[in-house]
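Welcome! Take a moment to look over the sequence and the 3D structure below, and then we will walk through some of the contacts together.

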Amino acid sequence: MRCAMLLLAALVVLGGCDDMGNQPRQKAYSPAVGPAKVPSGTVEYQDKPVQAPPVTPALLQRGQERFRIYCTPSHSELGDGRGMIVQRGFPPPPSYHIDRLRQIPVQHFYDVITNGHGAMYSFANRVQPADRWAIAAYIRALQRSQNATVADLPPDRRGAPQ
């Protein structure tokens, strides 16, 4: 009888256990929920959606800098999908210069940086939203630079020497 009672008690206790795979969690760097205080002298990271900013030379320069840091290992400086890690055996991403990606809205690049796609993981915790837009704008400029025609130049620059 005593053994049966211990077995029953053990089953009741173990029945309340969970594998902890379904626990509430908080997104990394998101503001604390509830009365928790942010220590003074710290900066809170918030991943709020940011509208696509107007394309300026400063934005493109920032996008190029961020692209070189985060994207060239896979995509290469040209965006052709032949980066350093691809040369070492990692699956190649598609070239930015294929028709499908030249025609897609620039929002697609922002979303892929944010959420990841295929073998590419999310960069949401590594790249701020404004920098994602800068990278997306730079990708679009990179696409234009590799597929430009004389007709794309302003009329006053079409006959200018190189």
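Are Tyr 110 and Trp 133 buried or exposed? Tyr 110 is buried, and Trp 133 is buried too; buried stands for under 20% relative accessible area, exposed for over 50%, and partly exposed for what lies in between, using a 1.4 Å probe and protein chains only. This is a predicted model, in which local features need pLDDT of at least 70, side-chain atom pairs count only at pLDDT 80 or more, and totals for chains, interfaces and linings use all residues. Residues are numbered from 1 along each chain as its sequence is written, and side-chain values use heavy atoms, with hydrogens and water left out.

**Aromatic rings**

- The whole structure has six aromatic pairs, a pair being rings of Phe, Tyr or Trp (its six-membered ring) with centres within 6.5 Å, called stacked if the planes are under 30 degrees apart, edge-to-face if over 60 and tilted for the rest.
- Tyr 70 and Phe 123 make an edge-to-face pair, with 5.9 Å between centres and 75 degrees between planes.
- This pair links distant parts of the chain, 53 residues apart: Tyr 70 is in helix α2 (residues 57-70), and Phe 123 is in the loop between α6 and α7. Helices here are DSSP runs (H or I, at least four residues), numbered from the N terminus.
- Tyr 70 is partly exposed at 25% relative accessible area, whereas Phe 123 is buried at 9%.
- The pair of Tyr 110 and Trp 133 is stacked, because the ring centres are 4.3 Å apart and the planes are at 15 degrees.
- Tyr 110 belongs to helix α6 and Trp 133 to helix α7, so their pair ties together parts 23 residues apart in sequence.
- Phe 67, Tyr 96, Phe 109 and Tyr 138 are linked into a cluster by ring pairs.

**Salt bridges**

- There are four salt bridges in the structure, each a side-chain nitrogen of Lys or Arg within 4 Å of a carboxyl oxygen of Asp or Glu.
- One of them joins Arg 62 to Asp 131, whose closest N and O atoms are 2.8 Å apart.
- Here, too, distant parts of the chain are linked: Arg 62 is in helix α2 and Asp 131 in helix α7, 69 residues apart.
- Arg 62 is partly exposed at 34% relative accessible area, while Asp 131 is buried at 12%.
- Arg 102 forms a salt bridge with Asp 99, again with closest N and O atoms 2.8 Å apart. These two are separated by about one helical turn because they are three residues apart in helix α5.
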